[in-house]
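Trainee: Please take a close look at one part of this model for me. I would like the side-chain contacts around it, then whatever connects to them.

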Amino acid sequence: MKKNFQHIGMVLDDKMATAPWAKQVKIGMVIGFAESLLREIWGAAIDNQVKIVAIKNKELMIHYSNSIISQEIRLREARILNTIINKFGKVVEKIRFV
């Protein structure tokens with residue numbers, strides 16, 4: 001008799017892919033990761049300067065307090081996006097400042 005067991009991670013991945021709330025959970029995870037990535041690059045001082053607002057149409061929407069911050073993020077945009085894509089897949093393609 002052949003037993004057909006699946007790894008629990010595979011079962012959960014299948015359920016996550018079809019769950020209606022899964023997309024929102026993934027967006028929340030991406031936003032949290034992006035905030036920690038910015039903090040890793042610039043330190044805790046960035047917390048008061050930048051707020052990641054949302055992800056819409058594969059754009060990471062960032063609210064910023066001054067133009068110097070936006071310039072610094074633009075200089076490192078490729079690194080930030082590549083790090084997010086390597087971890088979560090192609091959920092974001094661009095950074096947009098609001």
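Mentor: Start with Glu-77. In this predicted model, Glu-77 is buried, because its relative accessible area is 16% and buried means under 20%. Glu-77 belongs to helix 4, which covers residues 77-88. Leaving out residues up to four places away in sequence, Glu-77 touches Lys-94 and Ile-95.

Follow Lys-94 next. Lys-94 is partly exposed, at 42% relative accessibility. Its side chain meets that of Glu-59 in a salt bridge, 4.0 Å from N to O. Glu-59 lies in strand 2 and Lys-94 in strand 3, so this pair ties together parts that are 35 residues apart in sequence. A network of salt bridges links Glu-59, Lys-94 and Arg-96.

How many salt bridges does the structure hold? It holds seven. One of them joins Glu-93 and Lys-58, with the closest N and O atoms 3.9 Å apart. Both residues sit in loops: Glu-93 between helix 4 and strand 3, Lys-58 between strand 1 and strand 2. The pair therefore ties together parts that are 35 residues apart in sequence. Glu-93 is partly exposed, with a relative accessible area of 45%. Lys-58 is partly exposed too, at 38%.

Another salt bridge is formed by Glu-35 and Lys-51, whose closest N and O atoms are 3.8 Å apart. Glu-35 is in helix 2 and Lys-51 in strand 1 (residues 50-56), so the pair links distant parts of the chain, 16 residues apart. Glu-35 is partly exposed, with a relative accessible area of 24%. Lys-51 is also partly exposed, at 49% relative accessibility.

Now the rings. A pair of aromatic rings is described by the distance of the centres and the angle of the planes. A search of the whole structure finds two aromatic pairs. In one, the rings of Phe-33 and Phe-88 have centres 5.5 Å apart and planes at 70°. That pair is edge-to-face, because its angle is 70° and over 60 degrees counts as edge-to-face. Phe-33 is in helix 2 and Phe-88 in helix 4, 55 residues apart; the pair links distant parts of the chain. Phe-88 is buried, with a relative accessible area of 13%. Lys-87 lies over the face of Phe-88, at 5.9 Å from the ring centre.

The other pair is Tyr-64 with Phe-97: centres 5.3 Å apart, planes at 90°, so edge-to-face as well. This pair also links distant parts of the chain, with Tyr-64 in strand 2 (residues 59-64) and Phe-97 in strand 3 (residues 94-97), 33 residues apart. Tyr-64 is partly exposed, with a relative accessible area of 28%. Phe-97 counts as buried, at 18% relative accessibility.

Last, the surface. Trp-21, Val-25 and Met-29 make a nonpolar surface patch of about 300 Å². Val-25 lies in helix 2, which spans residues 22-42. Val-25 is partly exposed, with a relative accessible area of 34%.

Terms used: Residues numbered from 1 in each chain as written. Predicted model: local features only at pLDDT ≥ 70, side-chain atom pairs only at ≥ 80, totals over all residues. Heavy atoms only, no water. Patch = residues over 30% accessible without salt bridge, like charges linked within 9 Å, V, L, I, M, F, W, Y side chains within 5 Å. Areas by Shrake-Rupley, 256 points an atom, 1.4 Å probe, with all protein chains shown as cover. Helix = DSSP H or I, 4+ residues; strand = E, 2+ residues; numbered from the N terminus. Buried < 20%, exposed > 50% of the residue type's maximum accessible area, 1.4 Å probe, protein only. Contact = heavy atoms within 4.5 Å. Phe/Tyr/Trp six-rings, centres within 6.5 Å; stacked < 30°, edge-to-face > 60°. Lys NZ or Arg CZ within 6 Å of the ring centre and 35° of its normal.
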